[in-house]
Every structure is written in structure tokens, then in C-alpha cells.
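The tour moves from the whole chain to individual side chains.

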Amino acid sequence: EFSGTSVDLNKWTTCFSWAWDYAGCTASFNEGREYYQTSQVQYSNGIGKLVAQPQSPSVWGKDYKSGLLSTTNKPNSLTGGVQGPSLYKFKYGYVEARLKLPPQKGFFTAFWMLPVSTAASGYQYPYEIDILENLGGGDTPLYQTIHYDGRSQNWSPFPSGDCSPTVNPFTDFHTYGVDWQAGYLDFYIDGKKCGRFTQE
């Protein structure tokens, strides 16, 4: 819950372990044009806001600055060169977030989970659970995907299975979740099950 006025750094990091190479914070991945900075995570009225803005001059070749929140490892640059433990990790359970997405073109909103990594770079992981992804531009497809088998395979109730197109993600807050159990993954939007993944 975002009831305070600033980030609780015991629960969240605004710069995570992929930043081990970068001074200060996290440079974008997936060919993104943003550089993540702590100042771009802002709290007000019980809402945590990830604010994207142009920046000049560019940083690490990125001409936008934005915010992120993660419960993964803090970057080496903030831990004296040694990757610290994950701030929160679990195996099996239900996780959700209440989100309102930006409709502007160029945004790639994502709410996702990765395995805990002990690698120095943090890049090595065999699967990824995308609880929600949206490509912006006012398009309403809400992607929910599991990437598995070394991330060479993927499954999705595309687009959002039995839940789509029941919500407009840009006009109000909606709840996105996944129930991760030993034999299945169930994806949810606003408490409605969108689809179930059961492959090994």
C-alpha cells in the first residue's frame, strides 16, 4: 500500500539488479528509451505514480526518465558492489496490483515476475510471468503471458482470454493478478479468471 509520502526502501527498490553496470540507477532494456530514476517514483493520495518525462541531456543514450518499483535485488551500485538479497520472494501464491495505465503512444506498461537470480548480472532466468503488459497508444489488449522452457515457449489467454474486452485500462483503476500454484497458473482481471496455464 502506498499510504506514505515516499518509497519504503525496506520493501521496494527503484533501481534494481540489472543496474549493476550503471552508476546511479537502472538503464532501460527491451530497447526502451528511458533511464529509471528514484525521483520519478512519486506518492500522493495513496497512489504510487511512475512518472515518465523527457530529459536533456540524455543519460546512457536514453532521452526519457521514468520510474520503476521492484522487490528484487538492489543494484550493486547501491550495495557496495555486492548484489544483495531479494527484498521479497515467494514460491506459489496469489499476487495482484491495482493499476491505472497511461493511454499515450510509446508507453509499455508492465507488471511481471522473475525468478530470484544469484548471477552477477541478474540476466539469467528460465521463465517469466507477465501478469499484465500493455503497449499504450490507447489500445486495449491486455497481455497476460508466461514465458517458459528457457523463455523459448510462451502461453497467453490472448488478449486477456475470458476477461477481454470488459475493462478500459486507461479510464480507471483495475486489479490484475495471478494465482501461481504447483500445477497451474490462473490469470485474473478484477477478480475474474481470464485463463489457466497447466503445462509443465
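Predicted model: local features only at pLDDT ≥ 70, side-chain atom pairs only at ≥ 80, totals over all residues.

Next, colour the chain by secondary structure. There are 0 helices and 14 strands, and the pattern read along the sequence is accordingly β-β-β-β-β-β-β-β-β-β-β-β-β-β. Of the 200 residues in the protein chain, 39% are buried.

The remaining stops concern charged side chains. Side chains of opposite charge can pair when their charged atoms come close. How many salt bridges does the count come to? The total is 4 salt bridges, and the stops below visit some of them.

**First stop: R151 and E128**

Select R151 and E128 and display their side chains. The two meet in a salt bridge, with an N to O distance of 2.9 Å. R151 lies in the loop between β10 (143-148) and β11 (153-155), while E128 belongs to strand β9 (residues 128-136), so the pair ties together parts that are 23 residues apart in sequence. E128, in contrast, has 7% relative accessibility and counts as buried because the cut-off for buried is under 20%.

**Second stop: D186 and its partners**

Now centre the view on D186. At 2% relative accessibility, D186 counts as buried. Select K193 as well: D186 and K193 form a salt bridge in which the closest N and O atoms are 4.0 Å apart. This distance still qualifies because the criterion is a side-chain nitrogen of Lys or Arg within 4 Å of a carboxyl oxygen of Asp or Glu. K193 is partly exposed, at a relative accessible area of 37%.

R196 is in strand β14 (residues 192-197) and D186 in strand β13 (residues 185-189), so the pair links distant parts of the chain, 10 residues apart. R196 is partly exposed, with a relative accessible area of 39%.

Finally, show D186, K193 and R196 together. Salt bridges with shared partners join these three residues into one network.

Definitions and conventions:
Residues numbered from 1 in each chain as written. Heavy atoms only, no water. Helix = DSSP H or I, 4+ residues; strand = E, 2+ residues; numbered from the N terminus. Buried < 20%, exposed > 50% of the residue type's maximum accessible area, 1.4 Å probe, protein only.
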